[in-house]
Amino acid sequence: MKNVVKSLCLWLALLLMLLLCLPACSPQPAETTPGAEDSSFSSLVLSEAASTVTVQDAEGEKTLNKSPKRVVCLYNSILDLWYLNGGEAIARVAGDTELPPAAAALPEVGSMSSIGLEQVAALEPDLVLLTASLDGQRDIAKGLAENNIPYLLCDLREDPFGSFGRYSYLFSKINGLDSHYQEVIQPVIQQCLELTEKTKAVQDQPTVAVLFSAPRYVKAETGLSQLGQMVEMLGAENILAPDEVPSDGSVRVDLSFEVLLARDPDYILIATMGDEEKCRATFEQTLSSNPAWGELSAVKEGRMVYVPKEYSLNKPNERYPEAFAYLAGLLYPDLESKTEG
């Protein structure tokens, strides 16, 4: 009996020693990388530690401190996304388009295309958010680097809808909000995807000319544009043939009236930039002044629409479900009856 008790005590002692050693012996990584469920965001969020996150921006890899307190944002659509994902700022650029209400009273450091580097540096920011779509902001980034001011050069042009998700994930990580993406952003994305699944299930898909009118020219938009992407995600067919889409990633191309007339789209959707009255005047002078314009099906049947800027030019961000619903209402007016049938 004594031997049994002695053996039992020995085994209990060994087990206790093993349990005490496990935490010390197990490797404790200094950083974590996005898990399998976050693999679609690994192009932006490379790894993170307790107080930093290593990211990939339009320039390359850089490590930023989490929860920055003195943020200057030089592009309002980025500012809107930043606030949506838990961030705040101390300064911004001029303009009230895509401006989150909480940032309306912030001091301005110029316009998005004319920014004073000294004015930005004087604010002693711990993070500056810029857009890679403007050459002037790329130049500002060089000045920030020379002054050792942390910055993030964001590029939301490629895959606009996907960029909404990726940059929301990135910004929530920078702001130290681990569950924010799943709780706030993912439901927005899911709502859009559920609608696009319904519209793609419609048997007869409409054809669409996605046009872009500026005060001085009119062009056609590819599926790489914001409006073009949403149209294609809804299942509609852009009249631009695949071989007419440039390989350089251009979102707008020239499209002759003859081609437009020959393809006779079911819908003509027009995005505008700048003064809308001037854009409409340019559009009428360029296209609708042609005697054959009235022969287009979309024109004869009232399916030519100037799409509001908040859905076609500006980044919808959290309003993406509203933007998709608006377009679905145009392109699939009988959606419920078609899907129920």
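Is Asn314 buried or exposed? Asn314 is buried, with a relative accessible area of 14%, where buried means under 20% and exposed over 50% with a 1.4 Å probe and protein chains only. The model shown is predicted, so local features need pLDDT of at least 70 and side-chain atom pairs pLDDT 80 or more, while totals for chains, interfaces and linings use all residues. Numbering starts from 1 along each chain as its sequence is written, and side-chain values use heavy atoms, without hydrogens and water.

**View 1. Asn314 in its loop.** Welcome to the loop between helix H11 (309-312) and helix H12 (320-331), where Asn314 sits; helices are DSSP runs of H or I with at least four residues, numbered from the N terminus. Leaving aside residues up to four places away in sequence, Asn314 touches Thr97, Glu98, Gln226 and Lys309 (heavy atoms within 4.5 Å).

**View 2. The lining of the largest pocket.** This pocket has a volume of about 960 Å³, the space filled by probe spheres set on grid points joined across faces, edges and corners. Among its 35 lining residues, Tyr75, Ser133, Arg252, Leu313 and Lys315 are the closest to the centre. A pocket is an open set of points on a 1 Å grid over the protein atoms alone, with protein on both sides within 12 Å along at least five of seven lines, and lining residues have an atom within 4 Å of a point. Helix H2 (76-84) and H11 each supply at least two lining residues, and H2 gives the most, with three.

**View 3. Helix H5 and the residue Gly176.** All 15 of the 15 residues in H5 are buried. Just after H5, Gly176 adopts a positive phi of about 70°.

Note on methods
1 Å grid on protein atoms, 1.4 Å probe; cavity = no way out; pocket = protein on both sides within 12 Å on 5 of 7 lines; lining within 4 Å.
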